[in-house]
Amino acid sequence: RSVIRKEEKLDFAPYFWKLSRLFGTTFILFTGYMFFLSFSPIYLTEITGSSYGMGVIVLLSGVVHALAAPYAGRLVDKYPREFTIRIACIFVFVSMTIYSTTQNVYLITFAFVIPIYMTYFLGARSIVADVVPYQLRARTMGLLSSFSILGSGFGSILVGELLLNFDYQTAFMIGAFLALTAVVMGWKKF
């Protein structure tokens with residue numbers, strides 16, 4: 001569909017600064033979350049005893065995300081968008097805490113299938129859509145994705161270095177601390 005819009009020159013800087021805490025929360029959250037996700041195929045294969053078991057957990061996560069998507073979208077539309085950011089940050093903290101405290105395959109599976117990525121980005125993209133005018137929205141969405149990817153890359157490098165000297169559970173605990181930092185940072189209204 002075509003969108004009728006006025007051609008006007010808009011300054012991007014005020015919107016960037018208004019959403020800077022969202023960008024920072026995204027960066028920190030995905031830095032911490034990658035402390036597990038970077039090594040999840042290897043780790044899940046180890047705890048299940050086979051790559052088939054790892055595949056079943058990943059498939060189950062996809063099914064849960066697909067089934068939860070309509071309900072999560074409805075919640076994002078019903079409640080303040082920040083609520084979704086808080087919930088997703090808490091989900092990451094809980095899952096990272098589970099990864100760092102147990103190797104029980106059922107608890108690890110539970111932690112892995114929680115719909116984190118979808119929940120976070122439903123809320124974050126909705127905040128961008130609410131705050132930023134149409135002419136600047138794609139740029140801001142791209143910036144939001146960039147902060148996620150930057151955090152993911154930084155977290156992957158960091159955990160790779162940490163695992164040279166620490167075991168998985170210790171590294172996951174550090175990731176849980178970063179997720180807790182994101183919970184605190186993402187608690188206020190954006």
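Q: Against which helices do the buried residues of α3 pack?
A: They pack against α2 (20-37), α4 (51-78), α5 (81-101), α6 (105-113) and α9 (168-185). The helices are DSSP runs of H or I with at least four residues, numbered from the N terminus. This is a predicted model, in which local features need pLDDT of at least 70 and side-chain atom pairs count only at pLDDT 80 or more, while totals for chains, interfaces and linings use all residues. Residues are numbered from 1 along each chain as its sequence is written, and side-chain values use heavy atoms, with hydrogens and water left out.

Q: Which residues of α3 are buried?
A: In helix α3 (residues 40-48), they are Ser40, Tyr43, Leu44 and Ile47. Seen down the helix axis, the buried residues of α3 fall within an arc of 95 degrees, so they line one face of the helix; the arc is that of the directions from the axis to the C-beta atoms. An α-helix has 3.6 residues a turn, so residues three or four places apart point the same way.

Q: Why is Ser61 called buried?
A: Ser61, found in helix α4, has 9% relative accessibility and therefore counts as buried. Buried means under 20% relative accessible area, exposed over 50%, and partly exposed in between, with a 1.4 Å probe and protein chains only. Leaving aside neighbours within four places in sequence, Ser61 is in contact (heavy atoms within 4.5 Å) with Phe112 and Val113.

Q: What makes a set of residues a nonpolar core?
A: Its members are buried Ala, Val, Leu, Ile, Met, Phe, Trp, Tyr and Cys residues joined through side-chain atoms within 4.5 Å. The largest such core here has 45 residues, and those with the most contacts inside it include Leu44 and Tyr99. Its largest share, eight residues, comes from α9. Not counting residues up to four places away in sequence, Tyr99 touches Phe36, Tyr43, Ile108, Ala111, Phe112, Gln169 and Phe172.

Q: How many residues of the largest pocket's lining are nonpolar, polar and charged?
A: The lining has ten nonpolar, two polar and no charged residues. Ala, Val, Leu, Ile, Met, Phe, Trp, Tyr, Cys and Pro count as nonpolar, Asp, Glu, Lys and Arg as charged, and the others, Gly among them, as polar. Among the lining residues are Tyr71, Phe83, Thr84, Pro115 and Thr119. The largest share of the lining, five residues, comes from α4.

Note on methods:
Helix = DSSP H or I, 4+ residues; strand = E, 2+ residues; numbered from the N terminus. 1 Å grid on protein atoms, 1.4 Å probe; cavity = no way out; pocket = protein on both sides within 12 Å on 5 of 7 lines; lining within 4 Å.
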